Amino acid sequence: MCGIVGAIAERNVLPILMEGLQRLEYRGYDSAGVAVRDVDGELKRFRSLGKVTELKKLVDSSDISGDLGIAHTRWATHGVPAERNAHPQMSGVRVAVVHNGIIENHSELRDRLTALGYSFTSETDTEVIAHLMADKLESGRALFDAVVETAAELKGAYALAAASPEDGDRIVVTREGSPLVIGLGERENFIASDVTALLPVTRKFIFLEDGDVAEVRRDGVSIYNSGGEEVRREIKESTLSNSSVDKGPYAHYMLKEIFEQPGVISETLEGRIHNGRLLEASFGHETAALLDKTRHVQIVACGTSYHAGMVARYWLEEIGIPCSVEVASEYRYRKVVVPEGSLLITISQSGETADTLAALRGSQDQGHIGTLCVCNVPESSLVRESDVCFMTRAGTEIGVASTKAFTTQLVALRLLLIALARRRGLASEQEEKMVNELHALPRQVEVVLQLGDKIEKMAQGFSDKQNALFLGRGAFYPVAMEGALKLKEISYIHAEAYPAGELKHGPLALVDASMPVVCALPDDPLLEKVLSNLQEVRARGGELFLFSDHKVNIGLDHYQNLTLSDIYPGTAPIVYTVPLQLLAYYVAVIKETDIDQPRNLAKSVTVE
Ligand code: M6R
């Protein structure tokens, strides 16, 4: 999963491309590159290892400008992060290519091209694309035809853009399984992996479909479908705010996004609850019809979104709806037995996660009654390909570590829970209680956010630690998993989550004075049991870091009361997630890691 951006204009496109790359860094940031057509009509390429800022230094120190260019920020798949593996990949000076995805038959193509005399300068699968296109240009094809014929030889998922000085005034793009949008301007047009890259220059977008090939010129765009017919694709106006991608006064996007949670939770509830009632009309008829038929729920997701699904399982089974939850990378390859009346729910912040999309696509003939996605990006593939959607309204999430997306997913799932519970005879007083609990959430999260300074102090206990354990029971087990994921992602401390009762079946052997143990202690029926589990930890010298919402006489190490008089059992997993996010954040600050762009990761995992 890499980021692609391109532009053709009557002005210098380099600043547009560099800004676009910076906005796409969430997709990968191992290395970056750009190729522009200079005044002599030649393609000039700059590439650098590391983030876009490194490339920018290189570009700024040159006096090159150009009216056509393509650029790329990379997340390594084939070939280590290195300048030689950065895109654009070129075949001599004939053609430059930027690519997002994986070409599965690249080694067979590489052998064939090597036999034809092409020599390779990188280990990437992308370089085969450049040489294949060059070969077709060599035999007299126009760039458009070279792209069409090359795409026909590729197996795998890709979005790619090509430019050639031999067929100068156009960028040719195609996609199969990876996202690509065209941005429309006045006598200038653009391409990118997503709309955020182009928000400073346009609001009008065309979303290409799989198999589309498009020729993007200064004065227009022509799109052809996989059958070679010219097609018109709808032009959509983006409502995304350009400022939503600014950091504001915060040191990191992650912190900004943690603090945005009260606001985005309110947004996610807006128009969906009123006067203690769920406004079911806001779901739409099709969703309501699906919920009427739902007898079982299958949730499929990855990472943080999977943890949201795991919390939802506890909620759904409490109202008598059988629910299974699975990570998409497993689900997609397994033979599944689908119970009668099963609704497939996919959860994804980006809506572009390759495994989740593949699970959705693979479900076509599995016998589900329908597919519903809980997603944060309206223009995403998941939204477009699901039968119905329930949008979270978290706004753009830039930090690789997901925070506000998770809590808004839980809010969305809670609303769906109420809708399903209604169909099982939910009493109106009970509905009112559930709705009011949701209504109280933004204020509760605000109170927890005020504990930042105290949690920052707690974080100091992790500065010299290599490992950490997170414990939870019931719906707080997935909350513990989410806390552990946050800590490992951004602080690089090895963190594992366990259901607290499982400790004595093995993990207790790891506990000694160097093992911090983090636990959320809600006031629920399992409290006493968790306290016993914690005593077992303490007896082995493990240091405890605890969060609770009432005055338990814990008398154990680092204890932070959430200072809320009422945390409701249903929404407590949402409230308790917030201190764990803050803890991970402050540990990472102490460790001086790259919080918004942790090593080896990318925000949107659009490859397998
Ligand atoms: O966009 P998605 O929600 O589908 O992404 C799923 C995971 O890749 C994502 O949650 C990942 O685990 C985050 N880095 C977690 O913070």
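The legends below describe close-up views of a predicted model. Residues are numbered from 1 along each chain as its sequence is written, and side-chain values use heavy atoms, with hydrogens and water left out. In this predicted model, local features need pLDDT of at least 70 and side-chain atom pairs count only at pLDDT 80 or more, while totals for chains, interfaces and linings use all residues.

**View 1. Residues around the ligand.**
The ligand is surrounded by 15 residues, where a residue is near a molecule if one of its heavy atoms lies within 4 Å of it. The closest are S305, S348, S350, T353 and E489. By class, 5 of the shell residues are nonpolar, 8 are polar and 2 are charged. In this scheme Ala, Val, Leu, Ile, Met, Phe, Trp, Tyr, Cys and Pro count as nonpolar, Asp, Glu, Lys and Arg as charged, and the others, Gly among them, as polar. Domain 2 (253-445) and domain 3 (452-591) both give residues to the shell, so the ligand lies between them; the domain bounds come from an automatic or database domain assignment.

A side-chain N or O atom of T353 is 2.4 Å from an oxygen atom of the ligand. For Q349, a backbone N or O atom lies 2.7 Å from a ligand oxygen. The side chain of K486 has an N or O atom 3.0 Å from an oxygen atom of the ligand. Taken alone, the ligand exposes 410 Å², and the protein buries 91% of that. Accessible areas come from the Shrake-Rupley method with a 1.4 Å probe; for residues, only the protein chains shown count as cover. Two or more shell residues come from each of the elements α9 (303-318) and α16 (476-491). Helices (H or I, at least four residues) and strands (E, at least two) are DSSP runs, numbered from the N terminus.

**View 2. The antiparallel sheet.**
An open sheet of 8 strands has the order β3-β2-β4-β1-β10-β9-β11-β15, with antiparallel pairing; two strands pair if DSSP finds at least two bridges between them. Its edge strands, β3 (43-49) and β15 (235-237), each pair on one side only. Strand β2 (residues 31-37) is joined to β4 (residues 68-74) by 6 bridges, and A32 has T73 in β4 as its bridge partner. Strands β9 (residues 181-184) and β11 (residues 204-207) share 4 bridges, with L184 opposite K204 in β11. Between β11 and β15 there are 3 bridges, and the partner of I206 in β15 is I235.

**View 3. The parallel sheet.**
Here 5 strands form an open sheet in the order β19-β18-β20-β21-β22, with parallel pairing. At the edges stand β19 (323-327) and β22 (388-391), each with a single partner strand, so one side of each is left without a neighbour in the sheet. Strand β21 (residues 370-375) pairs with β22 over 4 bridges, and V374 stands opposite F390 in β22.

**View 4. Two backbone details.**
Most residues other than glycine have a negative phi, and most peptide bonds are trans. The bond from H87 to P88 is cis, with omega near 0°; P88 lies in the loop between β4 and β5 (89-91). E592, in the segment after α18 (572-591), has a positive phi near 55°.

Methods
Polar contact = N/O pair within 3.5 Å; in protein donor to acceptor, adjacent residues only side chain to side chain.
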